2 protein chains.
Amino acid sequence: MSVITIKDVAARAGVSAKTVSRVINGEAHVRPELRERVERVVAELDYRPNAFARSLSSSRSYLLGLFIDDPVSGYAADVQHGALMRCRERSYHLVVEPVDLAGAGWEGQVRSSIAALRLDGAIIAPPICDEAALTALFAEAGLPMVLVAPGSKALSSGSVSMDDRSAAREMTDYLLGLGHRRIAFIQGPESHRSSVRREDGFRDAMVQAGVAVDENAILRGDFTFRAGLELGERLLAGPDRPTAIFAANDDMALGALITAMKLGIAVPETLSICGFDDAASSRAAWPQLTTIRQPKAEMAGAAVDILVDPQFRKQAGGAQSHLLLPHELIVRGSTARAPAA
Amino acid sequence: MSVITIKDVAARAGVSAKTVSRVINGEAHVRPELRERVERVVAELDYRPNAFARSLSSSRSYLLGLFIDDPVSGYAADVQHGALMRCRERSYHLVVEPVDLAGAGWEGQVRSSIAALRLDGAIIAPPICDEAALTALFAEAGLPMVLVAPGSKALSSGSVSMDDRSAAREMTDYLLGLGHRRIAFIQGPESHRSSVRREDGFRDAMVQAGVAVDENAILRGDFTFRAGLELGERLLAGPDRPTAIFAANDDMALGALITAMKLGIAVPETLSICGFDDAASSRAAWPQLTTIRQPKAEMAGAAVDILVDPQFRKQAGGAQSHLLLPHELIVRGSTARAPAA
DNA sequence: ACAGTTTCTGACATCGATGTCAAATCACAC
DNA sequence: GTGTGATTTGACATCGATGTCAGAAACTGT
């Protein structure tokens, strides 16, 4: 017999299939003695329930969807890894679905995933978690969802985030504490809402310290390394250059760092640079980047928990928990006391 | 009615469920007229077949598994992306399963995925595609598999790879052509078989050019950035330092690059550095890395094709095609003519 | 026009689990 | 020993599709 079914187990244990089912799913109302007998047979035969049959009858899929904009980015990889590990612990599986909001037909793609896979829940990564048209699709299907680091909490979904604003404030305070006054800020794309919060935090700290914000030193990039290169050049080529650059993500900070090198500006002696994310690449540069550790994997793991835990799942209309995870300021070699001049 | 089933479509089109099924699956033996009618109703109702029911009855899951060692790496991300896109085109789904060969219990995990998900096929990424104990598990389950860039072709599985040896030879020839003679090679871990091929290619070129290989300048790293830092230091700190360093992957090349910077060695003027992979990070450094573009996404896509195409699937014992995809030498700023001295 | 093919089509069983519900068993008090 | 209520257990229907197979319809060629 190539595949072992629940009936085989039942026959061998001398009970009904239903009882075996009860044991497997840890339901109550099974005499300990029987339970043990069934468990032994399950182990003996190395029986594994067929997920499809189970899904079909229970209308639970044991599948979570991770919807993500750019699955190639390091950010995505960290989120995915966190989700994957937690899924594994809870014997769920993860289906990764790229969503290209720029391309046509993404709605159909998403609809199709929802309808065909009968996902038990959706995890939506930034920046697409801020896209109302997307979340509406899930809401419409009554699919519980958890947003990872959304710009704002939605009513119809759970969320897991960090406090971007406070984190940015801490970083700015740290720079101010090092004596920096001319601090440039490289902002992320407007569509990435949580990144907007970072600018808020930056301004908070500056205002509170009574330091004027130079609006010409607040630039907007698209989170890419290339943007960091170009905006870095814009900031550093002219006169009155800043003594510190704070970029809203690591890739852009790295771009600025490389530009500084090209221009022969010493980092951190003459210029401090810091990022945000603690991407893998932030350690793959020299000097290594001072940055904010964003708990990406932890957020994803928590998202899985919210979707899987019965206490959350029961909430009609989906999981509605909102978790805030702690971040951490990581000081590395790219920042130092402001130059004396 | 919240969920539309095949019966709804059948009723509305005035045919049997089986006929609808035929239309959906593009089977022959349906009168064009009926086919069209059914298609119209499917579109009208926006019907999507339930994947579980389908899987249960057809014992095909429309699911492919991607088994990967370290899902966080950039390499993994590229492979995954390639597989994902192709899956989407062919309306398959991808389940990513991390396999930690170092940890205990990975066998059980994999077995469980195979048994519970009834995958239609497995894509196995390097370096674990070279692990006989792992592939044996799939073979045992009769699950078709395709290895991505394996060290050697197995009989029981398909494979998709690039010619690592030739690629390394080309790179070495290129360095030799620039006048370099003292060329160091940073090798990858022994377990990563295809990387061993890169050393072969390096030696081929050196021997063919009649240049002696300095065995002290062939070091072994573990593919990490950190290894590149340390081995780079070992190569560059002493006397007789090489004029070029060829690393078996980009992360290590990057490490070496940073070390050179720390030591104040000008790249590429005094030292040329090149990598292998064309990882995203190879462009996020300055100077940008000369490297070999490995067709990662294409390989993964081809793996999907092999597993999905009926012509391959029919082969008893699994897909056994072996594809070789072209690579490309990408010259960027990190290499230059050897210094005159 | 008719037997012999070939091409369509649908009735029904089936995949392997879980939900429902009623029957069987047990525990305890009187 | 019997009645009451709680706990265990299993028979059977069900989820939504596809596989099988037999019958109906449409073509052959003579």
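Ala, Val, Leu, Ile, Met, Phe, Trp, Tyr, Cys and Pro are counted here as nonpolar, Asp, Glu, Lys and Arg as charged, and the others, Gly among them, as polar. On this basis, the surface near DNA strand C in the predicted model divides into 12 nonpolar, 10 polar and four charged residues. DNA strand C is surrounded by 26 residues, of which Thr5(A), Ile6(A), Ser21(A), Ala53(A) and Ser16(B) are the closest. At least two residues of this surface come from each of α2 and α4 of chain A and α2 and α4 of chain B. The largest share, five residues, is that of α4(A).

DNA strand D is likewise surrounded by 26 residues, and the closest are Ser16(A), Thr5(B), Ile6(B), Ser21(B) and Ala53(B). Two or more residues are given to the surface near DNA strand D by each of α2 (17–24) and α4 of chain A and α2 (17–24) and α4 (51–58) of chain B. Here α4(B) gives the most, with five residues. By class, the surface near DNA strand D has 12 nonpolar, 10 polar and four charged residues.

Between the protein chains, 39 residues of chain A are in contact with 38 residues of chain B. On the side of chain A that touches chain B, at least two residues are supplied by each of α4 (51–58), α5 (74–89), β2 (93–98), α6 (106–117) and α11 (250–262). The most, eight residues, come from α5(A). This side of chain A comprises 24 nonpolar, nine polar and six charged residues.

Chain A is divided into domain 1 (6–49), domain 2 (60–161 + 296–326) and domain 3 (164–294). A distance of 34 Å separates the C-alpha centres of domain 1 and domain 2 of chain A.

In chain A, the peptide bond from Pro126(A) to Pro127(A) is cis, with omega near 0°, and Pro127(A) is found in the loop between β3 (121–124) and α7 (132–141). In chain B, Pro126(B) and Pro127(B) are joined by a cis peptide bond with omega about 0°; Pro127(B) is placed in the loop between β3 (121–124) and α7 (132–141) of that chain.

A positive phi, near 75°, is found at Phe223(A), in the loop between β7 (218–220) and α10 (225–237) of chain A. Phe223(A) is classed as buried because 24 other C-beta atoms lie within 10 Å, where the criterion is 20 or more. His29(B), also not a glycine, has a positive phi of about 65° and lies in the loop between α2 and α3 (32–45) of chain B. With 6 other C-beta atoms within 10 Å, His29(B) is therefore exposed, the limit being 12 or fewer.

Note on methods
Residues numbered from 1 in each chain as written. Chains lettered and ligands numbered in written order. Predicted model: local features only at pLDDT ≥ 70, side-chain atom pairs only at ≥ 80, totals over all residues. Contact = placed C-beta atoms within 7 Å. Helix = DSSP H or I, 4+ residues; strand = E, 2+ residues; numbered from the N terminus. Near = placed C-beta within 6 Å. Domains from an automatic or database assignment.
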